[in-house]
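Here are my notes on the model, in numbered points. Have the coordinates open while you read.

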Amino acid sequence: MVMDWPVAVLFHFLKKKIFNMKVLFQSRKTLFSVPGGDTTQILKTKEYLEKLGVSVDISLELTPNVSEYDIVHVFNLMRPQELYLQVKNAKKYGKKVALSTIYGPYEEYEKKARGGILQFVNKFLSITQIEYLKVIVRAILNFEINKGTIIYLLNGHKRLQKKIIKMVDVFLPNSHSEMLRVANDFNLQEYKYVSVANAVDINKFDYDRVVVDEEFNKYKDCILCVSRIEGRKNQLNIIRACKDLPYKFVFIGKAGANFKKYYEQCKIEANDNMFFLGQIEHNKLPQFYKLAKVHILASWMETPGLSSLEAGIMRTNVVVTKKGDTEDYFKNFAFYCEPDDLDSIRKAVIDAYNAPFNNDFYERIVSNYKWEDTAIQTLEGYNK
């Protein structure tokens with residue numbers, strides 16, 4: 001049964017009776033000071049739930065008063081140090097808890113590509129030990145320390161994740177394959193979940209309405225990469241794989257925390273056709289997607305990469321990693337590469353550059369990956 005957006009919303013309202021629902025979103029302390037894909041996911045899900053009449057607040061506090069809320073919705077199982085106290089606090093108030101898992105361990109990157117002394121050490125550690133070490137490093141270098149950090153250090157990474165999982169009422173992964181990864185890693189037998197798609201704002205990323213500023217026309221037909229610049233996102237291998245190609249490459253994004261040297265190395269190895277524009281205002285990004293011939297995320301893990309969805313809806317071919325959940329979203333419409341194989345990256349870029357855009361890819365995104373869809377799927381999870 002196919003319904004348009006307003007009819008689908010009315011259907012859910014009448015069936016589920018959620019007119020007066022009040023929800024609290026909670027996440028990591030650095031959600032806004034160090035923004036990432038989870039920041040966009042939280043803000044856009046809030047925006048579109050509110051369009052359905054759901055009241056949504058955001059709190060980064062560890063133990064707020066949640067008595068007035070029906071549901072506490074937490075995000076990012078990869079950051080259990082804050083999540084544990086937030087979930088435990090919700091249960092103290094007798095609240096149901098929904099968890100957007102955003103679960104993507106970077107074990108392969110940590111052991112194969114991080115570089116330096118950490119990569120050597122990581123070869124002898126499990127992924128949970130690696131994550132534990134990273135929390136210690138962030139506490140020392142970035143002063144990321146709070147009450148949750150102390151509890152984390154006393155419990156360990158996976159033990160704290162297990163405690164969180166036991167208190168969760170419904171899981172909201174970004175794909176079925178992500179949920180299977182969580183279930184396998186934590187040996188879950190019975191659990192409630194709804195796959196909630198990552199999405200794109202089809203009103204903002206509207207190819208026909210976007211007007212390109214004259215100052216950006218020099219980047220026409222470029223290979224675009226929109227992402228934080230850091231080892232996990234693998235820009236250095238993109239540069240090494242493609243520096244002999246005649247295409248223009250445009251990198252948009254700032255250096256990740258503790259990746260300033262990596263960013264500098266990228267600029268050192270880049271050729272004259274490779275441009276680093278730093279952080280660009282989000283409302284200007286559609287212009288770059290419209291100009292680009294190809295967008296690439298050759299990351300060590302993606303679930304699936306918001307910028308790839310944004311590129312696709314702007315009728316730009318996408319090159320993506322095979323690691324993670326990208327195939328759930330992009331099927332055979334993307335050009336896939338292996339992050340540690342320079343020939344694979346280079347070939348995928350050339351193939352994507354020379355291929356016409358398949359409009360069925362655009363239709364797939366519009367039909368399945370709008371924030372309106374995310375909001376309805378989130379409500380389905382709440383009602384479970």
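1. A word on terms before anything else: buried means under 20% relative accessible area, exposed means over 50%, and partly exposed is in between, with a 1.4 Å probe and protein chains only. Asparagine 187 is exposed on that scale, because its relative accessible area is 58%. Its phi is near 55°, a positive value in a residue other than glycine.

2. Some housekeeping. The model is predicted, so local features need pLDDT of at least 70 and side-chain atom pairs count only at pLDDT 80 or more, while totals for chains, interfaces and linings use all residues. Residues are numbered from 1 along each chain as its sequence is written, and side-chain values use heavy atoms, with hydrogens and water left out.

3. Back to asparagine 187, which sits in the loop between α9 (176-186) and β6 (223-226); helices here are DSSP runs (H or I, at least four residues), strands likewise (E, at least two), numbered from the N terminus. The positive phi comes just after α9. Aspartate 221 is in the loop between α9 and β6 too, and has a positive phi of about 65° although it is not a glycine. Aspartate 221 counts as partly exposed because its relative accessible area is 31%.

4. Now for α9 itself. Glu178, Met179, Arg181, Val182, Ala183 and Phe186 are buried in this helix. Those buried residues pack against α8 (157-167) and β5 (170-171), where contact means heavy atoms within 4.5 Å.

5. Have a look at leucine 62, in the loop between β2 (55-59) and β3. Leucine 62 counts as buried because its relative accessibility is 10%. Leaving aside residues up to four places away in sequence, leucine 62 touches Lys29, Glu82, Leu85, Gln86, Asn89, Asn146, Lys147 and Gly148. Isoleucine 136 is 74 residues from leucine 62 in sequence and 19 Å from it in space, C-alpha to C-alpha.

6. One of those partners, asparagine 89, lies in helix α3. With a relative accessible area of 3%, asparagine 89 is buried. It touches Leu62, Thr63, Pro64 and Val66, again not counting residues up to four places away in sequence.

7. Isoleucine 151 is in helix α7 (residues 147-155) and is buried, with a relative accessible area of 18%. Which residues does isoleucine 151 touch, not counting those up to four places away in sequence? They are Tyr84, Leu85 and Leu160. The C-alpha atom of lysine 293, 142 residues apart from isoleucine 151 along the chain, is separated from that of isoleucine 151 by 48 Å.

8. A cavity is a set of points, on a 1 Å grid over the protein atoms alone, where a 1.4 Å probe fits but cannot get out, and lining residues have an atom within 4 Å of a point. Grid points are joined across faces, edges and corners, and a volume is the space filled by probe spheres set on the points. How many cavities of 30 Å³ or more does a search of the whole structure find? The search finds two.

9. The largest cavity holds about 50 Å³. Its lining is made of Arg79, Gln81, Glu82, Val135, Arg138, Glu144, Asn146 and Thr149. The elements giving two or more residues to this lining are α3 (80-92) and α6 (127-141). By class there are one nonpolar, three polar and four charged residues, counting Ala, Val, Leu, Ile, Met, Phe, Trp, Tyr, Cys and Pro as nonpolar, Asp, Glu, Lys and Arg as charged, and the others, Gly among them, as polar.

10. The second largest cavity holds about 30 Å³ and is lined by Gln41, Thr45, His73, Phe75, Ser100, Leu172, Val196 and Thr378. Both α2 (37-51) and β3 (71-75) supply at least two of its lining residues. This lining divides into three nonpolar, five polar and no charged residues.

11. Last, a backbone detail to check. The peptide bond from threonine 303 to proline 304 is cis, with omega near 5°. Proline 304 lies in the loop between β9 (294-297) and α13 (306-313).

Technical notes. 1 Å grid on protein atoms, 1.4 Å probe; cavity = no way out; pocket = protein on both sides within 12 Å on 5 of 7 lines; lining within 4 Å.
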